[in-house]
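Here is a short walk through one structure. Keep the model in view and follow the elements as they are named.

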Amino acid sequence: MNLVFDGHNDVLLRLWRSRSEGRNPVAEFRNGTSAGHIDAPRARKGGLAGGLCAIYIPSPHDFNLREPDANGHYSTPLDPPLDRASSLDIALQMAAIAHRLDQDGSWRLCRTTAEIRQAMADKVFAAVLHMEGCEAIDADLETLEVFYAAGLRSLGPVWSRHNIFGHGVPFAYPSSPDTGPGLTRAGEDLIRACNRLGILIDLAHITEKGFWDVERLSDQPLIASHSNVHALTPVARNLTDRQMDAIKASHGLVGLNYAVTMLRPDGRDDAETSLATMVSHIDYLVDRMGIDCVALGSDFDGATIPNVIGDATGNQRLVTALKERGYGPSDLDKICRENWLRVLASAWHE
């Protein structure tokens with residue numbers, strides 16, 4: 001079994017919702033559930049040894065993709081910006097769940113790559129605290145310091161909505177990622193603070209102008225934790241060849257997103273999506289950037305994923321498909337975990 005360190009999941013969102021409905025999120029993760037994609041038993045079964053676990057502030061209403069027109073095209077309006085006070089409350093509640101899981105021994109909250117490797121050796125899920133959209137962070141970045149002390153080691157300045165730090169891309173097909181402005185002045189300060197503290201910067205949801213702003217300001221490898229190939233699936237969230245060239249030049253990486261809308265050539269939200277479609281994106285990424293710049297970023301618990309994967313237990317089906325495509329043991333080690341550990345070590349000043 002090839003152990004996988006995954007670049008993005010929303011298990012904390014699912015557990016936070018369970019808590020809000022009166023269930024015990026720690027017991028649900030520890031003992032397993034039929035809901036969602038990740039818990040400790042399913043992670044062990046599928047070789048999911050750890051990953052970046054997102055603090056994501058959900059929209060106050062149900063978020064749904066706009067229905068495609070007769071040509072299969074859709075453009076979902078961006079959600080309005082969120083209130084900071086309520087966002088901070090939710091972010092703290094999710095961080096508390098992450099720490100309770102750590103205290104329980106159900107997972108290990110990791111701050112260094114040595115801690116990730118030790119957790120893997122101990123067969124404990126290696127969780128890294130990530131923030132997907134910084135609505136909970138103040139412009140003076142004092143909250144950032146507190147979250148860093150609590151274990152935050154990765155963030156995306158924006159989700160697919162605007163905030164005080166920058167602008168997100170919409171969920172739209174077909175669409176360029178060049179959909180609006182980039183970083184604000186506060187966003188530039190955020191990037192500099194991440195470089196200083198050693199917090200990985202994730203570009204998965206930012207506009208193309210924002211991508212180039214980060215490329216200009218950051219001294220880290222460029223990372224898109226859960227994005228795919230725009231040339232194969234032209235949604236706004238996917239990466240152009242030029243963006244991939246910049247990621248390669250920085251010795252960064254792209255994590256393959258399992259979300260079917262970002263895999264399928266038709267951009268549809270259809271779980272009947274093949275392993276071959278997933279492998280085609282890996283092939284393109286490897287051909288464009290090299291094997292050292294490609295990893296996995298499933299978006300488990302945050303998207304519709306292919307039925308052939310199903311949940312965390314299905315990761316090894318993708319690994320098998322890559323083996324059958326001709327990827328050797330060293331290639332698979334890099335795609336499954338080593339490339340992530342390399343870029344984390346660089347961003348974290350190790």
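Start with an open sheet of three strands. The model is predicted. The strand order is S9-S10-S11, and the pairing is parallel. Strand S9 (223-224) and strand S11 (294-296) form the edges, each pairing on one side only. In general, strands of a sheet pair through backbone hydrogen bonds, either parallel or antiparallel.

Look next at how S9 meets its neighbour. S9 pairs with strand S10 (residues 253-256) in the parallel sense, over two bridges. Isoleucine 223 has leucine 253 in S10 as its bridge partner. A helix also packs on this sheet: H10, residues 275-289. H10 touches S10 and S11. The direction of H10 makes about 150° with that of S11.

Now turn to a pair of helices. Two packed helices are described by the angle between their axes and the distance between the axes. Helix H5 covers residues 113-121, and helix H12 covers residues 329-347. H5 and H12 pack at an angle of about 150°, and their axes are 9 Å apart. Angles over 145 degrees count as roughly antiparallel, so H5 is roughly antiparallel to H12.

Which residues in H5 and H12 meet? From H5 come Thr113, Ile116, Arg117 and Met120. From H12 come Arg337, Glu338, Leu341, Leu344 and Ala345. By class, the contact of H5 with H12 has five nonpolar residues, one polar and three charged.

The pockets come next. The largest pocket holds about 810 Å³ of space. Its lining is made of 35 residues. Nearest the centre of the largest pocket lie Phe63, Leu65, Gly302, Ala303 and Thr304. The lining of the largest pocket divides into 13 nonpolar, 11 polar and 11 charged residues.

The second largest pocket has a volume of about 250 Å³. It is lined by 15 residues. Arg44, Ala49, Lys123, Val124 and Phe125 are the closest to its centre. Where does the lining of the second largest pocket come from? Helix H3 (40-46) and strand S2 (48-55) each supply at least two of its residues. H3 gives the largest share, three residues. By class, the lining of the second largest pocket has nine nonpolar residues, three polar and three charged.

Notes. Residues are numbered from 1 along each chain as its sequence is written. This is a predicted model: local features need pLDDT of at least 70, side-chain atom pairs count only at pLDDT 80 or more; totals for chains, interfaces and linings use all residues. Side-chain values use heavy atoms; hydrogens and water are left out. On a 1 Å grid over the protein atoms alone, a cavity is a set of points where a 1.4 Å probe fits but cannot get out, and a pocket is an open set with protein on both sides within 12 Å along at least five of seven lines; lining residues have an atom within 4 Å of a point. Grid points are joined across faces, edges and corners, and a volume is the space filled by probe spheres set on the points. Ala, Val, Leu, Ile, Met, Phe, Trp, Tyr, Cys and Pro count as nonpolar, Asp, Glu, Lys and Arg as charged, and the others, Gly among them, as polar. Helices (H or I, at least four residues) and strands (E, at least two) are DSSP runs, numbered from the N terminus. Two strands pair if DSSP finds at least two bridges between them. Contact means heavy atoms within 4.5 Å. Axes are lines fitted to C-alpha atoms, for helices over the stretch in contact, and angles run from 0 to 180 degrees between N-to-C directions. Angles under 35 degrees count as roughly parallel, over 145 as roughly antiparallel, 65 to 115 as roughly perpendicular and the rest as oblique.
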